[in-house]
Amino acid sequence: MQELYLISLCALVIFSILAILLKDLLKAALSLMAASVFLAVIFFFMKAYYAGVFEVSVVAGLITVLFVSTIGLTKGEADVFESKLPTIIFPLFFIWFIIIDILIMWVLLSKFPPLHKGIPETGSFGEVFWQKRTFDLVAQIGIIFAGVFSVLALFRKKDKNG
Amino acid sequence: MVSLFIIIPFVLAAVLPLIEKISKKFLPDLLTNLAMLFLLIYSMTFGYQIVVSNTGIRQLQWFNQQLNVVFALDGFSLFMLFAIYLLSFGVTLFSIDYMEHYGSKGIFYALFMIMVGGMSGLVLATDLFTIYVFLEVAAISSYGLVAYGLKHDELEASFKYLMLSAVATAFLLLGITLLFGLRGSLKLGDIADIVSSPNLKFATGICTGFFIFGFGLKAALVPFHSWLPDAHPSAPAPISAMLSGLLIKVSGVYALTRIFLNVFGLTPALSTVLMYLGVISILVGAITALGQGDIKRMLAYSSISQVGYIILGFGAGTSFAIMGALFHILNHALAKGLLFLNSGSVEHATGTRELDKMGGLAKRMPITAATTVVGSLSVAGVPPLNGFWSKLFIIIGLLQAKAYGFAFIAVLASIITLWYYIIIQRRAFFGKLKETLKDVKEVPFWMAVSTIFIALVCIIIGIGFWAVIPKWITPAANILELGIRYAKLYLRI
């Protein structure tokens, strides 16, 4: 079980990097989907079943469908010049970051006390979602509006004299 | 109803794009300005009554059923709401004319109202995760607003801002997760219970580090400031005014102060870290601002410096320093908001932000020039303008704390601030009018009304500071001075 968990974790990191580095948008979108599936697996291992279900259905499912259909409908008109420097520097930086991260976490986690057991903010998913985190739902509506209006703003037609 | 502070911005944001189908400009302009005026008056009347009459902790009811929505409308959050609505009203007035050529006004105002609603929710929240979610509401709308002009540098600045904000929120989430693991609750009052526990000292120290990084990045403190000089100048002027005037203070300074002073408690070590971060930001921001040729970049670096003053004041922790820091939040929001709006007016009239291409504009734009003088002198801390009193309080507070070196640097940086604002005045507004600027005209009516309104508020607060302090600053300072006790007593519902 532990091995499967570690494999999922490594696969999540690898596919996430591929999603950033791959130049082909379709391959990048599919890498993101794969990363999302492995994240969902990790959620299941951690017994966060609802988070896992949302991750698979929304990110791996819905968002991938949106990405793939958008890429399918878009014509590549011209090559965009991109510097090659980030593709060399990013992996080196990332490896350095992972090593530092492992070392720091190794030290930190050994000094961390055991986590709280009698968690008061628990209950069924519905109770927590609708009754205990009600205020967050209002904010989530705000986030959805902000996202939708930002997309509308970015793809709007400007005035002729604008 | 305290919930109106959040409901009005969100509901208006939802209907504005629909209203735009009926009336492209008039109704969106009218409704947004009326809403901001109403919220401003509502915070000054109803909000103030709640703060003076009780603890201000309110649980939302729906058909006589208690919902799990708790608002903390105390002196500190009311003061922040007042600052948010005061500047936002000035900005929406300015946007009537300024946003004419940016395309859809309905979408612009919708994003603007979501940002205002996000900031309002953040200051009213009593739970760490709710603070985080509202912080994201304000942040996501601001990414769209920074990119609103759709030009290359605006899109690039928005992307850079988004990426660094994502890093900040990742650290904040990590800190929140650890605290939830340690306490099993995210209510500020519950978390205040465990921070003084000796066996959790190391763990809470780590969370403190994550929060300093996350909120420091949001507040653009040095060395977490690199996104701000790109993001703020690139946005349309009303949004630059909101970001520099309010958003960095609400999502960075307010959240940091609420958590560190009311939940974690200001320990000597934390105080030292905050004071050093503050003083480094003051110096780096001021010195870098001196070398800028772009008026908006100069103002952006100045914001880093002025946020440093605020953090220095909170870090010192004496009553005068806290009062000064709170007062400087309001004063800097108004003065910097005014200066960013005026930089937009100048760009609107001349088509450039480069100081080298300006000169003698006061002859053609007397209102803009006069209000810029007010804003500049206020930020520089020249008496009797509002910025003078807040800086004076911070410096007295530093002397109370026997932090003489910090006080000296604060005074020195104030002189540097005055220096670069004189540079703006001299190079942009005074001297001989350049040939290329002969056809420049004063800004349209509503832009002028907005800047005159904010400049007058700066002057009135400066002259009448003795009336503003007991009404707005002292109740907020009292909450912060109560420290952890306040969270333990009131923020656990």
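Among contacts in chain A between residues at least 6 apart in sequence, 46% join residues at least 24 apart; two residues are in contact if their C-beta atoms, placed from the backbone, lie within 7 Å. The model is predicted: local features need pLDDT of at least 70 and side-chain atom pairs count only at pLDDT 80 or more, while totals for chains, interfaces and linings use all residues. Residues are numbered from 1 along each chain as its sequence is written, with chains lettered from A and ligands numbered from 1 in the order in which they are written.

**Chain A**

Chain A has six helices and zero strands, in the order α-α-α-α-α-α along the sequence. Helices (H or I, at least four residues) and strands (E, at least two) are DSSP runs, numbered from the N terminus. Of the 162 residues in chain A, 14% are buried. A residue is buried if 20 or more other C-beta atoms lie within 10 Å of its own, exposed if 12 or fewer, and partly exposed in between, with C-beta atoms placed from the backbone.

Chain A is divided into domain 1 (1-75) and domain 2 (124-157), the bounds coming from an automatic or database domain assignment. Taken over C-alpha atoms, the centres of domain 1 and domain 2 of chain A are 22 Å apart.

The mean pLDDT of chain A is 82, and 87% of the residues score at least 70; pLDDT is the predictor's confidence in each residue, from 0 to 100. Within chain A, confidence is highest in helix α2 (residues 25-45), at a mean of 92, and lowest in α5(A), at 77.

**Interface and cores**

In the interface, 35 residues of chain A are in contact with 43 residues of chain B. On the chain A side, α4 (85-111), α5 (125-132) and α6 (134-154) each give two or more residues, and α6(A) has the largest share, 17 residues. That side divides into 17 nonpolar, 10 polar and eight charged residues. Here Ala, Val, Leu, Ile, Met, Phe, Trp, Tyr, Cys and Pro count as nonpolar, Asp, Glu, Lys and Arg as charged, and the others, Gly among them, as polar.

A nonpolar core is a set of buried Ala, Val, Leu, Ile, Met, Phe, Trp, Tyr and Cys residues joined through C-beta atoms within 7 Å. The largest has 202 residues, of which B:Ala83, B:Leu111, B:Ile114 and B:Ala410 touch the most other members. Neighbours within four places in sequence aside, the contacts of B:Ile114 include A:Gly142, A:Phe145, A:Ala146 and A:Phe149, as well as B:Pro9 and B:Val137. A second, separate core has eight residues, among them A:Leu32 and A:Val41.

**Chain B helices and backbone**

Helix α4 (residues 105-124) of chain B is mostly covered, with 20 of its 20 residues buried. Helix α13 (residues 319-350) of chain B is largely enclosed by the rest of the structure, because 29 of its 32 residues are buried. B:Gly351, with a positive phi near 80 degrees, follows α13(B).

Most residues other than glycine have a negative phi, and most peptide bonds are trans.

| Site | Feature | Angle |
|---|---|---|
| B:Val222 to B:Pro223 | cis peptide bond | omega near 15 degrees |
| B:Pro383 to B:Pro384 | cis peptide bond | omega near 5 degrees |
| B:Leu150 | positive phi | phi near 65 degrees |
| B:Lys402 | positive phi | phi near 60 degrees |

B:Pro223 lies in the loop between α8 (201-219) and α9 (228-234) of chain B, and B:Pro384 in the loop between α14 (366-380) and α15 (386-400). B:Leu150 counts as partly exposed because it has 16 C-beta neighbours inside 10 Å, whereas B:Lys402, with 11, counts as exposed.
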